[in-house]
Amino acid sequence: MRWQEHSLELLDQRLLPAEEHWLTIEGASGVAQCIRDMVVRGAPAIGISAAYGVALAARGADDRRWREEVHDAIDELAASRPTAVNLFWALEKMKQVLETCNSRDEAIQQLADKAVAIHQEDLAANLTMADLALDFMADTAAGQPFSVLTHCNTGALATGGYGTALGVVRRLHEAGLLKRVFADETRPWLQGSRLTAWELSQDDIPVTLNADGAAAAIMAAGEVRWVIVGADRITANGDVANKIGTYGLAVLARHHNVRFMVVAPSSTVDMSLESGGSIPIEEREGTEVREIRGIQLAPSGVAVFNPVFDVTPASLLDVIVTEKGLVESPDLAGMRSLFR
Ligand code: MRU
């Protein structure tokens, strides 16, 4: 995403990889719509764009009702998608800044500065997490390149830049430790094929795309040492909500003795929820499964179950990597030691 003071430019993720089309958004409602309609996706990217949305709200607000209008914009942005906690985290940060402002002009400046800072801090967190994960994995790699499997998109598109799980993949590649990335295509929105495979191909990082159902066979063949994924919300006991299919991968990984890593900035951690059962899981329309771009793939009207996230219990994870440090074999005590 590109911040232009008067507008936010978003690369339309729905059109990739066929078309690189940038949208110019001039108000908070437009940003909320882009989040709802999946123009911008990935937990950190949703939070960052929402922060820019709040900054745009101040710019477009009435001189007398500016505070109220910015609050309304925050409410509208908060209603755009329910699962990724980064959205609510970023809006809370913006609200705190708003409370300190005494005029619309001040709010325009302060909120824009804060949104830029949230963006930059996310990028910095990605780089730190990649370093921490590399150190952790290098110990077991003994200098030998190995392959990993990932799910959904966690790259530059989904974050402030660089990526969470995909940032670790980039760093492994830079260190000469990456043989290959297997990318789950990630039904139904195909973030793996449309976004992850595109990002990795652009950077000449060896990637093999596979249907989600092929992950078990890949692990059974001993092809991968690690599964590395991002997260949309991590609760106090270390449970992780992430793209639908992540839970299944974690079960498979445990069965096949493949290690499982979650990479997410602290803005994804929600210590107010005890466990994953309390995370609101977004369900989307059945047409997203019945059709692809208007082409019917199932009997019209067939019942569809379309939750777009699932919860992986902490007991199936080997490690959570955040910019504040690592939590190995995550549980309440481990999470509390990093996040009070
Ligand atoms: O529905 P999406 O595309 O917003 O879901 C994205 C994911 O689930 C990602 O894996 C997650 O947000 C981590 S992004 C660094």
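The model is predicted, so local features are reported only at pLDDT of at least 70 and side-chain atom pairs only at pLDDT 80 or more, while totals for chains, interfaces and linings use all residues. Residues are numbered from 1 along each chain as its sequence is written, and side-chain values use heavy atoms, with hydrogens and water left out.

Select the ligand and the 18 residues around it, of which Ala43, Gln191, Asp232, Asn242 and Lys243 come nearest; a residue belongs here if one of its heavy atoms lies within 4 Å. Domain 1 (2-121) and domain 2 (129-338) both give residues to this shell, so the ligand lies between them; the bounds come from an automatic or database domain assignment.

Next, display the distances to oxygen atoms of the ligand: 2.8 Å from a polar backbone atom of Ala43, 2.8 Å from a polar side-chain atom of Gln191, and 2.7 Å from a polar side-chain atom of Lys243. The protein buries 99% of the 420 Å² that the ligand exposes when taken alone, with areas from the Shrake-Rupley method and a 1.4 Å probe.

Between β2 (8-11) and β3 (22-25), select Pro17, which is joined to Leu16 by a cis peptide bond with omega near 5°. Between β5 (178-184) and α7 (191-202), select Pro188, where the bond from Arg187 is also cis, with omega about 0°. Finish at Met38, in the loop between α1 (28-36) and α2, whose phi is positive, near 70°.

Note on methods:
Polar contact = N/O pair within 3.5 Å; in protein donor to acceptor, adjacent residues only side chain to side chain. Helix = DSSP H or I, 4+ residues; strand = E, 2+ residues; numbered from the N terminus.
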